[in-house]
Amino acid sequence: MSEKRMFTVGRIGAPHGVRGDLRLLPLTDYPDRFRPGLTLYPSPRVDRPGNGEKLVLEAIRPAQGFLVVRFLGIDSREAAVRLVGLYIQVPEEELVPLPAGSWYIYQLIGLEVTTENGRHLGHLREVISGANDVYVVERPDGRKLLWPATKEAVAAIEPELGRIVVRDIEELVEG
């Protein structure tokens, strides 16, 4: 049986007060996913291997730039301290569904990248996020090609066909 794919949605920060509350930095575009009753899974760390424990959100309130959360069973500052620095995750089936025509980055990594004319450029290895995302395409010879992830430069994204089709922009193809 294969392990569940887990995705990081936040990082636990410093304790907040003395009753077990913690700061939580959301690492998701959907911070409203955090609600009482949600089960989260701390990711293992090198210095603190995971033990499969689950954290259930008991209470949550917004603060400036972070959330203040309380987990069931964490009712003292001392108990909260052991969670500081852990990343928290959800299983793939709990990811927020995206609108049609949108994908999570993990769904794009590894796709073949071709031009509209069928020229094989390589495979998508990384997405650099910014004002405009940039695709890092690994060419067959091992070189990296940086491709803007814009409507002007990308013709189609077809994960179901295993490919991304980009416009045949000679300056970029030869770059």
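Is Tyr 106 buried, partly exposed or exposed? At 24% relative accessibility, Tyr 106 counts as partly exposed. The structure discussed here is a predicted model. A search of the whole structure finds six salt bridges and two aromatic pairs.

- Strand 3 pairs with strand 6 (residues 87-91) in the antiparallel sense, over two bridges.
- Tyr 41 has Gln 89 of strand 6 as its bridge partner.
- Strand 5 (residues 67-71) contains Val 69, a residue that counts as buried at 2% relative accessibility.
- From Val 69 to Glu 152 the C-alpha to C-alpha distance is 42 Å, and the two residues are 83 positions apart in sequence.

- Strand 8 and strand 9 (residues 134-138) are joined by five bridges and pair in the antiparallel sense.
- Opposite Glu 126 stands Val 136, a residue of strand 9.

**Aromatic pairs**

- A pair of aromatic rings is described by the distance of the centres and the angle of the planes.
- Two such pairs are found in the search of the whole structure. In one of them, the ring centres of Phe 7 and Tyr 106 are 4.6 Å apart and the planes stand at 45°, so the pair is tilted.
- Phe 7 belongs to strand 1 (residues 6-15) and Tyr 106 to helix 2 (residues 105-108), so this pair ties together parts that are 99 residues apart in sequence.
- Phe 7 has a relative accessible area of 16% and is buried, whereas Tyr 106, at 24%, is partly exposed. The two classes follow because buried means under 20% relative accessible area.
- Phe 7, Tyr 104 and Tyr 106 are linked by ring pairs into a cluster.

**Salt bridges**

- Side chains of opposite charge can pair when their charged atoms come close.
- Among the six salt bridges found, one joins the side chains of Glu 116 and Arg 167 at 3.1 Å, N to O.
- Glu 116 lies in the loop between strand 7 (112-115) and strand 8 (120-128), and Arg 167 lies in the loop between strand 12 (163-166) and helix 3 (170-173), so the pair ties together parts that are 51 residues apart in sequence.
- Both partners are partly exposed: Glu 116 has a relative accessible area of 44%, and Arg 167 has one of 29%.
- Arg 143 and Asp 141 form a salt bridge in which the closest N and O atoms are 2.8 Å apart. Arg 143 is partly exposed, at 43% relative accessibility.
- In the salt bridge of Glu 158 with Arg 163, the closest N and O atoms are 2.3 Å apart.
- Glu 158 counts as buried at 18% relative accessibility, while Arg 163 is partly exposed with a relative accessible area of 31%.

**Nonpolar surface patch**

- Leu 25, Leu 27 and Tyr 87 make a nonpolar surface patch of about 250 Å².
- Of these residues, Leu 27 is placed in the loop between strand 2 (22-26) and strand 3 (39-42).
- The relative accessibility of Leu 27 is 40%, and this residue counts as partly exposed.

Conventions. Residues are numbered from 1 along each chain as its sequence is written. This is a predicted model: local features need pLDDT of at least 70, side-chain atom pairs count only at pLDDT 80 or more; totals for chains, interfaces and linings use all residues. Side-chain values use heavy atoms; hydrogens and water are left out. A salt bridge is a side-chain nitrogen of Lys or Arg within 4 Å of a carboxyl oxygen of Asp or Glu. Helices (H or I, at least four residues) and strands (E, at least two) are DSSP runs, numbered from the N terminus. Buried means under 20% relative accessible area, exposed over 50%, partly exposed in between (1.4 Å probe, protein chains only). Patches are made of residues with over 30% relative accessible area and no salt bridge: like charges are joined within 9 Å, nonpolar side chains (Val, Leu, Ile, Met, Phe, Trp, Tyr) within 5 Å. Accessible areas come from the Shrake-Rupley method with a 1.4 Å probe; for residues, only the protein chains shown count as cover. Two strands pair if DSSP finds at least two bridges between them. Rings of Phe, Tyr and Trp (its six-membered ring) pair if their centres lie within 6.5 Å; planes under 30 degrees apart count as stacked, over 60 as edge-to-face and the rest as tilted.
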